Amino acid sequence: MKRIRNRFGWLAGLAVLIVLLGDTSVQAHVGGHSDGGGGFQSGLLHPISGLDHALAMLAVGLWGAQLGRPALWLLPIAFPLVMALGGALSLIGIPLPAVEIGIAGSGIVLGLMIMLEARPPLAVSLVMVGVFALFHGHAHGTELPDGDSGLWYSVGFVLSTGLLHAAGIAVGSIHGWAWGKICIRVAGALVMAGGVYFLLGSLGWFA
Amino acid sequence: LAVLVAILALPRTAQAHLVTSGGGPFFDGWVHFCVSPDDFLTVVALALFSGLAGKRAARGLVLTLPVAWLLGTLIGFYATPFSAFEFRFAGVSLLGTGLLLGINLKLPTRWLLLIAVLVGTWHGFLNGLAMAATGTSGLAAVGIAVAATIAALLMSAAAASLAKPWQLIAVRVVGSWVAAIGLLALAWEFRPGS
(Lines give C-alpha, C1' and ligand atoms only; values in the text may rest on other atoms or scores of the structure.)
Protein backbone atom coordinates (compact mmCIF):
# COMPACT_ATOMS: atom_id res chain seq x y z
CA MET A 1 0.00 0.00 0.00
CA LYS A 2 2.83 2.34 0.87
CA ARG A 3 4.34 1.65 -2.54
CA ILE A 4 1.07 2.63 -4.23
CA ARG A 5 0.90 5.82 -2.20
CA ASN A 6 4.46 6.75 -3.21
CA ARG A 7 3.69 5.88 -6.80
CA PHE A 8 0.79 8.26 -7.09
CA GLY A 9 1.76 10.88 -4.55
CA TRP A 10 3.85 12.77 -7.10
CA LEU A 11 0.93 12.80 -9.50
CA ALA A 12 -1.26 14.46 -6.89
CA GLY A 13 1.50 17.00 -6.23
CA LEU A 14 1.71 17.70 -9.93
CA ALA A 15 -2.04 18.25 -10.09
CA VAL A 16 -1.75 20.86 -7.35
CA LEU A 17 1.22 22.44 -9.14
CA ILE A 18 -0.66 22.78 -12.39
CA VAL A 19 -3.64 24.37 -10.69
CA LEU A 20 -1.38 26.89 -8.96
CA LEU A 21 0.61 27.67 -12.08
CA GLY A 22 -2.53 27.88 -14.14
CA ASP A 23 -3.34 31.17 -12.47
CA THR A 24 -0.41 32.93 -14.13
CA SER A 25 -0.93 35.37 -16.92
CA VAL A 26 -0.17 33.38 -20.02
CA GLN A 27 -0.22 35.08 -23.38
CA ALA A 28 1.07 32.40 -25.68
CA HIS A 29 1.18 33.31 -29.32
CA VAL A 30 3.31 30.91 -31.19
CA GLY A 31 4.44 31.53 -34.68
CA GLY A 32 2.23 30.33 -37.46
CA HIS A 33 -0.31 28.45 -35.43
CA SER A 34 -2.18 30.93 -33.38
CA ASP A 35 -4.95 33.40 -33.80
CA GLY A 36 -4.57 35.02 -30.40
CA GLY A 37 -3.27 34.74 -26.89
CA GLY A 38 -4.48 32.95 -23.83
CA GLY A 39 -5.12 29.54 -25.38
CA PHE A 40 -3.08 27.57 -22.90
CA GLN A 41 -4.68 29.11 -19.86
CA SER A 42 -8.24 28.76 -21.13
CA GLY A 43 -7.54 25.15 -22.15
CA LEU A 44 -6.00 24.42 -18.77
CA LEU A 45 -8.83 25.93 -16.80
CA HIS A 46 -11.69 24.67 -18.95
CA PRO A 47 -11.94 21.11 -17.59
CA ILE A 48 -11.64 22.27 -13.97
CA SER A 49 -13.93 25.28 -14.28
CA GLY A 50 -16.98 23.13 -15.03
CA LEU A 51 -17.96 20.84 -12.17
CA ASP A 52 -19.73 18.44 -14.56
CA HIS A 53 -16.47 17.88 -16.45
CA ALA A 54 -14.26 17.79 -13.38
CA LEU A 55 -16.44 15.24 -11.56
CA ALA A 56 -16.40 12.86 -14.53
CA MET A 57 -12.61 13.13 -14.96
CA LEU A 58 -12.03 12.45 -11.28
CA ALA A 59 -14.51 9.57 -11.46
CA VAL A 60 -12.55 7.95 -14.32
CA GLY A 61 -9.44 8.00 -12.14
CA LEU A 62 -11.32 6.70 -9.09
CA TRP A 63 -12.91 3.89 -11.06
CA GLY A 64 -9.55 2.99 -12.60
CA ALA A 65 -8.05 2.78 -9.10
CA GLN A 66 -10.94 0.53 -8.00
CA LEU A 67 -10.60 -1.75 -11.02
CA GLY A 68 -6.82 -2.07 -10.73
CA ARG A 69 -4.56 -3.14 -13.57
CA PRO A 70 -4.82 -2.99 -16.53
CA ALA A 71 -7.87 -0.69 -16.36
CA LEU A 72 -5.94 1.59 -13.99
CA TRP A 73 -3.75 2.77 -16.85
CA LEU A 74 -5.89 1.88 -19.87
CA LEU A 75 -8.79 4.16 -18.87
CA PRO A 76 -6.64 7.31 -18.47
CA ILE A 77 -4.89 6.51 -21.78
CA ALA A 78 -8.16 5.94 -23.65
CA PHE A 79 -10.08 8.88 -22.20
CA PRO A 80 -7.90 11.79 -23.50
CA LEU A 81 -7.59 10.17 -26.93
CA VAL A 82 -11.33 9.63 -27.38
CA MET A 83 -12.06 13.00 -25.82
CA ALA A 84 -9.73 14.60 -28.37
CA LEU A 85 -11.68 12.76 -31.07
CA GLY A 86 -14.90 14.28 -29.72
CA GLY A 87 -13.26 17.72 -29.67
CA ALA A 88 -12.05 17.18 -33.23
CA LEU A 89 -15.57 16.25 -34.40
CA SER A 90 -16.89 19.42 -32.83
CA LEU A 91 -14.15 21.60 -34.34
CA ILE A 92 -14.76 20.34 -37.87
CA GLY A 93 -18.49 20.90 -37.42
CA ILE A 94 -19.89 17.38 -36.93
CA PRO A 95 -22.69 17.65 -34.37
CA LEU A 96 -23.34 15.16 -31.59
CA PRO A 97 -26.87 14.88 -30.19
CA ALA A 98 -27.70 15.44 -26.51
CA VAL A 99 -24.19 16.39 -25.45
CA GLU A 100 -25.26 17.92 -22.13
CA ILE A 101 -27.35 14.85 -21.28
CA GLY A 102 -24.39 12.63 -22.20
CA ILE A 103 -22.11 14.61 -19.88
CA ALA A 104 -24.60 14.43 -17.02
CA GLY A 105 -25.09 10.73 -17.80
CA SER A 106 -21.35 10.17 -17.46
CA GLY A 107 -21.51 11.41 -13.87
CA ILE A 108 -24.50 9.20 -13.10
CA VAL A 109 -23.12 6.01 -14.67
CA LEU A 110 -19.52 6.41 -13.54
CA GLY A 111 -20.69 7.37 -10.05
CA LEU A 112 -22.94 4.32 -9.97
CA MET A 113 -20.12 2.04 -11.09
CA ILE A 114 -17.89 3.40 -8.32
CA MET A 115 -20.62 3.25 -5.71
CA LEU A 116 -21.40 -0.39 -6.54
CA GLU A 117 -17.70 -1.16 -7.07
CA ALA A 118 -18.82 -2.74 -10.34
CA ARG A 119 -16.26 -4.75 -12.29
CA PRO A 120 -17.52 -5.21 -15.84
CA PRO A 121 -15.21 -6.82 -18.43
CA LEU A 122 -12.35 -4.52 -19.46
CA ALA A 123 -13.75 -4.00 -22.97
CA VAL A 124 -17.12 -2.89 -21.54
CA SER A 125 -15.53 -0.39 -19.16
CA LEU A 126 -13.35 0.98 -21.98
CA VAL A 127 -16.37 1.42 -24.27
CA MET A 128 -18.34 3.13 -21.49
CA VAL A 129 -15.54 5.54 -20.70
CA GLY A 130 -14.90 6.10 -24.41
CA VAL A 131 -18.51 7.03 -25.15
CA PHE A 132 -18.58 9.50 -22.28
CA ALA A 133 -15.21 10.92 -23.34
CA LEU A 134 -16.71 11.65 -26.75
CA PHE A 135 -19.43 13.81 -25.17
CA HIS A 136 -16.99 15.67 -22.94
CA GLY A 137 -14.58 16.27 -25.82
CA HIS A 138 -17.35 17.53 -28.06
CA ALA A 139 -18.45 20.04 -25.43
CA HIS A 140 -14.86 21.23 -24.95
CA GLY A 141 -14.45 21.70 -28.71
CA THR A 142 -17.71 23.62 -28.96
CA GLU A 143 -16.77 25.90 -26.09
CA LEU A 144 -13.31 26.76 -27.47
CA PRO A 145 -13.23 30.56 -27.26
CA ASP A 146 -12.77 32.48 -30.50
CA GLY A 147 -9.35 33.99 -30.93
CA ASP A 148 -7.55 31.51 -28.73
CA SER A 149 -4.59 29.52 -30.01
CA GLY A 150 -5.89 26.06 -30.92
CA LEU A 151 -2.58 24.32 -30.31
CA TRP A 152 -2.00 25.92 -26.93
CA TYR A 153 -5.63 25.37 -25.93
CA SER A 154 -5.21 21.69 -26.79
CA VAL A 155 -2.04 21.43 -24.70
CA GLY A 156 -3.69 23.01 -21.66
CA PHE A 157 -6.90 21.08 -22.06
CA VAL A 158 -5.27 17.64 -22.40
CA LEU A 159 -2.80 18.35 -19.59
CA SER A 160 -5.57 19.46 -17.25
CA THR A 161 -7.74 16.45 -18.09
CA GLY A 162 -4.86 14.05 -17.59
CA LEU A 163 -3.99 15.61 -14.25
CA LEU A 164 -7.60 15.34 -13.08
CA HIS A 165 -7.44 11.62 -13.89
CA ALA A 166 -4.16 11.42 -12.01
CA ALA A 167 -5.76 13.15 -9.04
CA GLY A 168 -8.62 10.63 -9.17
CA ILE A 169 -6.15 7.74 -9.27
CA ALA A 170 -4.15 9.27 -6.42
CA VAL A 171 -7.25 9.63 -4.27
CA GLY A 172 -8.35 6.16 -5.35
CA SER A 173 -5.12 4.68 -3.99
CA ILE A 174 -6.81 4.64 -0.55
CA HIS A 175 -8.71 1.66 -1.96
CA GLY A 176 -6.16 -0.57 -0.25
CA TRP A 177 -7.72 0.13 3.14
CA ALA A 178 -11.14 -1.07 4.24
CA TRP A 179 -12.21 2.46 5.22
CA GLY A 180 -10.75 3.72 1.95
CA LYS A 181 -13.03 1.42 -0.02
CA ILE A 182 -16.03 2.86 1.80
CA CYS A 183 -14.83 6.44 1.20
CA ILE A 184 -14.45 5.78 -2.53
CA ARG A 185 -17.92 4.28 -2.73
CA VAL A 186 -19.32 7.33 -0.92
CA ALA A 187 -17.43 9.53 -3.40
CA GLY A 188 -19.07 7.52 -6.18
CA ALA A 189 -22.48 8.25 -4.69
CA LEU A 190 -21.64 11.97 -4.59
CA VAL A 191 -20.52 11.89 -8.23
CA MET A 192 -23.77 10.16 -9.13
CA ALA A 193 -25.78 12.78 -7.21
CA GLY A 194 -23.89 15.48 -9.09
CA GLY A 195 -24.73 13.74 -12.36
CA VAL A 196 -28.44 13.67 -11.45
CA TYR A 197 -28.29 17.37 -10.61
CA PHE A 198 -26.67 18.21 -13.95
CA LEU A 199 -29.14 15.98 -15.80
CA LEU A 200 -32.08 17.78 -14.24
CA GLY A 201 -30.39 21.08 -15.07
CA SER A 202 -29.90 20.11 -18.70
CA LEU A 203 -33.58 19.10 -18.88
CA GLY A 204 -34.54 22.57 -17.71
CA TRP A 205 -35.69 21.73 -14.17
CA PHE A 206 -33.80 24.64 -12.65
CA ALA A 207 -34.69 27.17 -15.34
CA LEU B 1 6.85 15.71 -16.74
CA ALA B 2 7.22 18.29 -13.99
CA VAL B 3 9.78 20.21 -16.08
CA LEU B 4 7.41 20.06 -19.06
CA VAL B 5 4.52 21.42 -17.00
CA ALA B 6 6.66 24.18 -15.55
CA ILE B 7 7.88 25.28 -18.99
CA LEU B 8 4.38 25.27 -20.43
CA ALA B 9 2.92 27.15 -17.49
CA LEU B 10 5.47 29.95 -17.50
CA PRO B 11 3.95 33.34 -18.32
CA ARG B 12 5.24 34.44 -21.67
CA THR B 13 4.56 36.43 -24.76
CA ALA B 14 5.82 34.63 -27.82
CA GLN B 15 5.59 36.28 -31.20
CA ALA B 16 4.86 35.12 -34.74
CA HIS B 17 8.57 35.47 -35.42
CA LEU B 18 11.21 34.05 -33.10
CA VAL B 19 10.98 35.02 -29.46
CA THR B 20 13.41 37.76 -28.48
CA SER B 21 15.35 36.34 -25.57
CA GLY B 22 17.79 39.24 -25.28
CA GLY B 23 20.69 36.83 -25.67
CA GLY B 24 21.03 37.04 -29.46
CA PRO B 25 19.73 34.85 -32.30
CA PHE B 26 21.22 31.61 -30.95
CA PHE B 27 19.27 31.86 -27.70
CA ASP B 28 16.24 33.23 -29.56
CA GLY B 29 16.20 29.91 -31.43
CA TRP B 30 16.66 28.02 -28.18
CA VAL B 31 13.74 29.77 -26.50
CA HIS B 32 11.61 29.43 -29.61
CA PHE B 33 11.98 25.65 -29.45
CA CYS B 34 10.99 25.58 -25.78
CA VAL B 35 7.81 27.64 -26.28
CA SER B 36 6.71 25.96 -29.52
CA PRO B 37 4.63 22.96 -28.41
CA ASP B 38 4.53 21.49 -31.92
CA ASP B 39 8.35 21.28 -32.01
CA PHE B 40 8.95 20.63 -28.33
CA LEU B 41 6.31 17.97 -27.69
CA THR B 42 7.10 16.15 -30.93
CA VAL B 43 10.74 15.84 -29.92
CA VAL B 44 9.76 14.80 -26.39
CA ALA B 45 7.45 12.07 -27.70
CA LEU B 46 9.95 10.85 -30.28
CA ALA B 47 12.78 10.84 -27.74
CA LEU B 48 10.75 8.93 -25.16
CA PHE B 49 9.73 6.45 -27.85
CA SER B 50 13.33 5.89 -28.93
CA GLY B 51 14.37 5.59 -25.29
CA LEU B 52 11.82 2.81 -24.77
CA ALA B 53 13.24 1.11 -27.88
CA GLY B 54 16.65 0.86 -26.22
CA LYS B 55 19.97 2.63 -25.90
CA ARG B 56 21.01 2.00 -29.50
CA ALA B 57 17.89 3.69 -30.87
CA ALA B 58 18.24 6.54 -28.38
CA ARG B 59 21.85 7.18 -29.41
CA GLY B 60 20.85 7.06 -33.06
CA LEU B 61 18.10 9.60 -32.51
CA VAL B 62 20.43 12.06 -30.78
CA LEU B 63 22.80 11.86 -33.75
CA THR B 64 20.30 11.95 -36.61
CA LEU B 65 17.63 14.38 -35.38
CA PRO B 66 19.76 17.56 -35.25
CA VAL B 67 21.39 16.83 -38.61
CA ALA B 68 18.01 16.28 -40.23
CA TRP B 69 16.63 19.36 -38.49
CA LEU B 70 19.43 21.60 -39.77
CA LEU B 71 19.15 20.11 -43.25
CA GLY B 72 15.40 20.74 -43.24
CA THR B 73 15.95 24.32 -42.08
CA LEU B 74 18.41 24.87 -44.91
CA ILE B 75 15.92 23.50 -47.44
CA GLY B 76 13.11 25.60 -45.99
CA PHE B 77 15.26 28.71 -45.90
CA TYR B 78 16.02 28.51 -49.60
CA ALA B 79 12.72 27.00 -50.70
CA THR B 80 11.24 30.34 -51.74
CA PRO B 81 9.05 28.83 -54.48
CA PHE B 82 7.22 26.85 -51.80
CA SER B 83 6.97 29.59 -49.20
CA ALA B 84 3.73 30.86 -50.75
CA PHE B 85 2.04 27.72 -49.42
CA GLU B 86 0.86 27.70 -45.87
CA PHE B 87 2.08 24.72 -43.91
CA ARG B 88 -0.10 24.41 -40.85
CA PHE B 89 -0.18 20.74 -40.05
CA ALA B 90 1.48 20.92 -36.66
CA GLY B 91 -0.85 18.21 -35.44
CA VAL B 92 0.39 15.52 -37.84
CA SER B 93 3.75 14.91 -36.20
CA LEU B 94 2.28 15.31 -32.71
CA LEU B 95 -0.40 12.74 -33.48
CA GLY B 96 2.05 10.36 -35.14
CA THR B 97 4.80 10.44 -32.53
CA GLY B 98 2.25 10.43 -29.71
CA LEU B 99 0.57 7.32 -31.06
CA LEU B 100 3.93 5.58 -31.59
CA LEU B 101 4.78 6.27 -27.96
CA GLY B 102 1.31 5.49 -26.59
CA ILE B 103 1.18 2.15 -28.40
CA ASN B 104 4.92 1.61 -27.80
CA LEU B 105 5.19 0.09 -31.25
CA LYS B 106 8.21 -2.16 -31.56
CA LEU B 107 10.10 -0.99 -34.64
CA PRO B 108 13.53 -1.93 -35.96
CA THR B 109 16.07 0.79 -35.14
CA ARG B 110 16.51 1.74 -38.79
CA TRP B 111 12.78 2.45 -39.10
CA LEU B 112 12.85 4.53 -35.98
CA LEU B 113 15.79 6.52 -37.31
CA LEU B 114 13.98 7.02 -40.60
CA ILE B 115 11.06 8.50 -38.66
CA ALA B 116 13.53 10.74 -36.80
CA VAL B 117 14.96 11.96 -40.12
CA LEU B 118 11.48 12.66 -41.50
CA VAL B 119 10.33 14.47 -38.36
CA GLY B 120 13.56 16.47 -38.06
CA THR B 121 13.54 17.47 -41.73
CA TRP B 122 9.86 18.40 -41.67
CA HIS B 123 10.08 20.55 -38.55
CA GLY B 124 13.37 22.09 -39.70
CA PHE B 125 11.75 22.83 -43.05
CA LEU B 126 8.87 24.68 -41.38
CA ASN B 127 11.33 26.60 -39.20
CA GLY B 128 13.36 27.49 -42.31
CA LEU B 129 10.30 28.79 -44.13
CA ALA B 130 9.38 30.99 -41.16
CA MET B 131 12.96 32.21 -40.80
CA ALA B 132 13.21 33.12 -44.48
CA ALA B 133 9.91 34.99 -44.27
CA THR B 134 11.02 37.03 -41.24
CA GLY B 135 14.69 37.45 -42.16
CA THR B 136 15.91 35.67 -39.03
CA SER B 137 19.63 34.96 -38.60
CA GLY B 138 20.79 31.44 -39.43
CA LEU B 139 22.31 31.25 -35.96
CA ALA B 140 18.78 30.85 -34.61
CA ALA B 141 18.51 27.58 -36.54
CA VAL B 142 21.58 26.31 -34.70
CA GLY B 143 19.96 27.35 -31.41
CA ILE B 144 16.79 25.43 -32.28
CA ALA B 145 18.78 22.34 -33.32
CA VAL B 146 20.89 22.43 -30.14
CA ALA B 147 17.78 22.79 -27.97
CA ALA B 148 16.15 19.89 -29.84
CA THR B 149 19.27 17.77 -29.34
CA ILE B 150 19.39 18.47 -25.62
CA ALA B 151 15.69 17.69 -25.23
CA ALA B 152 16.13 14.47 -27.23
CA LEU B 153 19.20 13.51 -25.21
CA LEU B 154 17.57 14.08 -21.82
CA MET B 155 14.23 12.48 -22.67
CA SER B 156 15.61 9.44 -24.47
CA ALA B 157 18.14 8.84 -21.68
CA ALA B 158 15.40 9.14 -19.08
CA ALA B 159 13.16 6.69 -20.96
CA ALA B 160 15.99 4.23 -21.60
CA SER B 161 16.76 4.10 -17.88
CA LEU B 162 13.21 3.29 -16.80
CA ALA B 163 12.71 -0.16 -15.38
CA LYS B 164 9.60 -0.23 -13.21
CA PRO B 165 6.33 -1.13 -14.98
CA TRP B 166 4.46 1.94 -13.69
CA GLN B 167 7.19 4.23 -15.05
CA LEU B 168 6.85 2.70 -18.51
CA ILE B 169 3.08 3.14 -18.29
CA ALA B 170 3.48 6.80 -17.25
CA VAL B 171 5.64 7.40 -20.33
CA ARG B 172 3.01 5.80 -22.55
CA VAL B 173 0.33 7.97 -20.93
CA VAL B 174 2.40 11.00 -21.99
CA GLY B 175 2.28 9.56 -25.52
CA SER B 176 -1.51 9.38 -25.45
CA TRP B 177 -1.63 13.00 -24.25
CA VAL B 178 0.64 14.14 -27.08
CA ALA B 179 -1.49 12.22 -29.60
CA ALA B 180 -4.64 13.81 -28.19
CA ILE B 181 -3.07 17.28 -28.49
CA GLY B 182 -2.09 16.46 -32.08
CA LEU B 183 -5.58 15.30 -32.98
CA LEU B 184 -7.14 18.46 -31.58
CA ALA B 185 -4.54 20.70 -33.23
CA LEU B 186 -5.15 18.98 -36.55
CA ALA B 187 -8.92 19.43 -36.26
CA TRP B 188 -8.34 23.06 -35.34
CA GLU B 189 -6.61 23.57 -38.70
CA PHE B 190 -9.54 22.02 -40.55
CA ARG B 191 -12.35 23.76 -38.70
CA PRO B 192 -14.83 25.57 -40.93
CA GLY B 193 -13.76 29.13 -41.63
CA SER B 194 -10.12 28.61 -40.65
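The dialogue below takes up the chains, the core, the salt bridges, the backbone and the surface.

Student: What kind of model is this, and how are residues and chains labelled?
Tutor: This is a predicted model, in which local features need pLDDT of at least 70, side-chain atom pairs count only at pLDDT 80 or more, and totals for chains, interfaces and linings use all residues. Residues are numbered from 1 along each chain as its sequence is written, chains are lettered from A and ligands numbered from 1 in the order in which they are written, and side-chain values use heavy atoms, with hydrogens and water left out.

Student: How much of each chain counts as buried?
Tutor: Buried means under 20% relative accessible area, exposed means over 50%, and partly exposed lies in between (1.4 Å probe, protein chains only). By that rule, 56% of the 207 residues in chain A are buried, and for chain B the share is 51% of 194 residues.

Student: Why is B:Gly120 called buried?
Tutor: Its relative accessibility is 0%, so B:Gly120 counts as buried. B:Gly120 lies in helix H6 (residues 109-134) of chain B. Contact means heavy atoms within 4.5 Å, and B:Gly120 touches B:Leu65, B:Ala68 and B:Trp69 when residues up to four places away in sequence are not counted. The C-alpha atoms of B:Gly120 and B:Val67 are separated by 7.9 Å, although the two are 53 residues apart along the chain.

Student: What makes a set of residues a nonpolar core?
Tutor: The set must consist of buried Ala, Val, Leu, Ile, Met, Phe, Trp, Tyr and Cys residues joined through side-chain atoms within 4.5 Å. The largest such core has 82 residues, and A:Trp63, B:Phe33 and B:Val43 have the most contacts inside it. Helix H8 (residues 165-189) of chain B gives the most to this core, with 15 residues. Beyond its neighbours within four places in sequence, B:Val43 is in contact with residues including B:Phe33, B:Leu65 and B:Trp69.

Student: How do you know that A:Glu117 and A:Arg185 form a salt bridge?
Tutor: A salt bridge is a side-chain nitrogen of Lys or Arg within 4 Å of a carboxyl oxygen of Asp or Glu. For A:Glu117 and A:Arg185 the N to O distance is 3.9 Å, and the pair is a salt bridge. This pair links distant parts of the chain, 68 residues apart: A:Glu117 is in the loop between helix H5 (99-116) and helix H6 (122-142) of chain A, and A:Arg185 is in helix H8 of chain A. A:Glu117 also forms a salt bridge with A:Arg119, with 4.0 Å between the closest N and O atoms. Shared partners join A:Glu117, A:Arg119 and A:Arg185 into one network.

Student: Are these three residues buried or partly exposed?
Tutor: A:Glu117 has a relative accessible area of 19% and is therefore buried. A:Arg119, at 48%, counts as partly exposed, and so does A:Arg185, at 35%.

Student: Which peptide bond is cis?
Tutor: The bond joining A:Arg69 and A:Pro70 is cis, with omega about 0°. A:Pro70 is in the loop between helix H3 (51-67) and helix H4 (71-91) of chain A.

How values were computed:
Helices (H or I, at least four residues) and strands (E, at least two) are DSSP runs, numbered from the N terminus.
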